[in-house]
Amino acid sequence: LRKGRMSREEKGGLKGYASMVEVKLHNSNRNSEPTIFTACIVEPKNASKMIKRSNELFPMPEYRHLKRIRKTQATDTTDGKPKKTLTLLLCPEGTKGQESAIKSLKEMICEVKTVEVPKHPPATEEEFQTWSKLWPISQRPRKPEPSPELTAEKKHEMCGFMRQAIEEASRAAKNGQIPIGCVIVDPGSSQVLAKAFDERLGLGQNPPHPLHHAVYPNFSPTNNNASSNSNPNSNLNPKLNPNPN
């Protein structure tokens, strides 16, 4: 939502508070933020053992979007013919235990080098195509589903839901709370299932609590501040993240 000039219909729906605009979920110009890794050149016959040992020594859960190994080529010093080799990611450069690990694996390592890899998994197909040139990525991002076209009737309906959320925020302010309102709507039937306001500062007999934001009262059995048409016992399946903000 944004502030700005609105049509007469919008002003009647939200009383000049806001209007709807399209928002992009991902920034297509996002940088890959390359990070430096220590890598090993190995022969194909040693690849399986090296992958197993590397996963044991340096699991890298934050880099699961990267393939552990890729094809490379090296020159055989004996006859000058190209020789098939593989480059294996060992660990981020400077990781504790890196030097001792290299010494323990030296019999299977042809060469140690540094490479740049994308720090984050790609969020779009464009990022996947660009960042894969830096280092192979294990999984393509899911293609976003096309957004449904909003009819004038649907926009008017959404404005009505937003007006109810604003009214809940006004109730919060009148009760000395943070002015945030929440309205939960069934997208299939367009029925308002529940609505309430923020009570993190404490309300009635409830003491202040960082998790009692505007969503919480809709799922609480006590539901002190919920509006009369709320239904705290409806078949709602809340999914809460650990961030208390």
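**Group meeting: a predicted single-chain model**

Pro-59 sits in the loop between H2 and strand E2 (69–75). Helices (H or I, at least four residues) and strands (E, at least two) are DSSP runs, numbered from the N terminus. With a relative accessible area of 56%, Pro-59 is exposed; the terms are buried for under 20% relative accessible area, exposed for over 50%, and partly exposed in between, with a 1.4 Å probe and protein chains only. Its C-alpha atom is separated by 9.4 Å from that of Leu-90, a residue 31 positions away along the chain.

Residues are numbered from 1 along each chain as its sequence is written, and side-chain values use heavy atoms, with hydrogens and water left out.

As to confidence, pLDDT is the predictor's confidence in each residue, from 0 to 100. The chain has a mean pLDDT of 79, and 74% of its residues reach 70 or more. Residues 1–17 have pLDDT below 50, and this stretch has 27 contacts in the model beyond near neighbours in sequence. Residues 228–234 are also below 50, with 12 contacts beyond near neighbours in sequence. Where pLDDT is low, the predicted coordinates should not be read in detail.

I turn to the overall architecture. The chain contains five helices and six strands, and from the N terminus on they run α-β-α-β-β-α-β-α-α-β-β. Of the 245 residues, 33% are buried. Among contacts with a separation of 6 or more, 55% are between residues 24 or more positions apart.

Strand E1 (residues 34–42) has seven of its nine residues buried, so it is largely enclosed by the rest of the structure. What are its partners? E1 pairs in the antiparallel sense with strand E4 (residues 111–118) over eight bridges, and likewise in the antiparallel sense with strand E3 (residues 82–92) over six bridges; pairing requires that DSSP finds at least two bridges between the strands. Ile-36 stands opposite Glu-116 in E4, while Phe-37 has Pro-92 in E3 as its bridge partner.

Next, the helices. In H2 (residues 47–57), the buried residues are Ala-47, Met-50 and Ser-54. Seen down the axis of H2, they fall within an arc of 65 degrees, so they line one face of the helix; the arc is that of the directions from the helix axis to the C-beta atoms. The face turned away from this buried side carries the exposed residues Ser-48, Lys-49 and Lys-52.

Helix H5 (residues 152–174) has 23 residues and reaches 33 Å from its first C-alpha to its last, close to the 33 Å expected at 1.5 Å a residue. That expected span is 1.5 Å times one less than the number of residues. Its buried residues include Cys-159, Phe-161, Glu-168 and Ala-172. H5 is followed by Gly-176, whose phi is positive, near 75 degrees.

Finally, Gln-177 lies in the loop between H5 and strand E5 (181–186). Is Gln-177 buried or exposed? At 7% relative accessibility, Gln-177 counts as buried. Beyond its neighbours within four places in sequence, its contacts include Ala-172, Phe-197, Arg-200 and Leu-203.

Notes: This is a predicted model: local features need pLDDT of at least 70, side-chain atom pairs count only at pLDDT 80 or more; totals for chains, interfaces and linings use all residues. Contact means heavy atoms within 4.5 Å.
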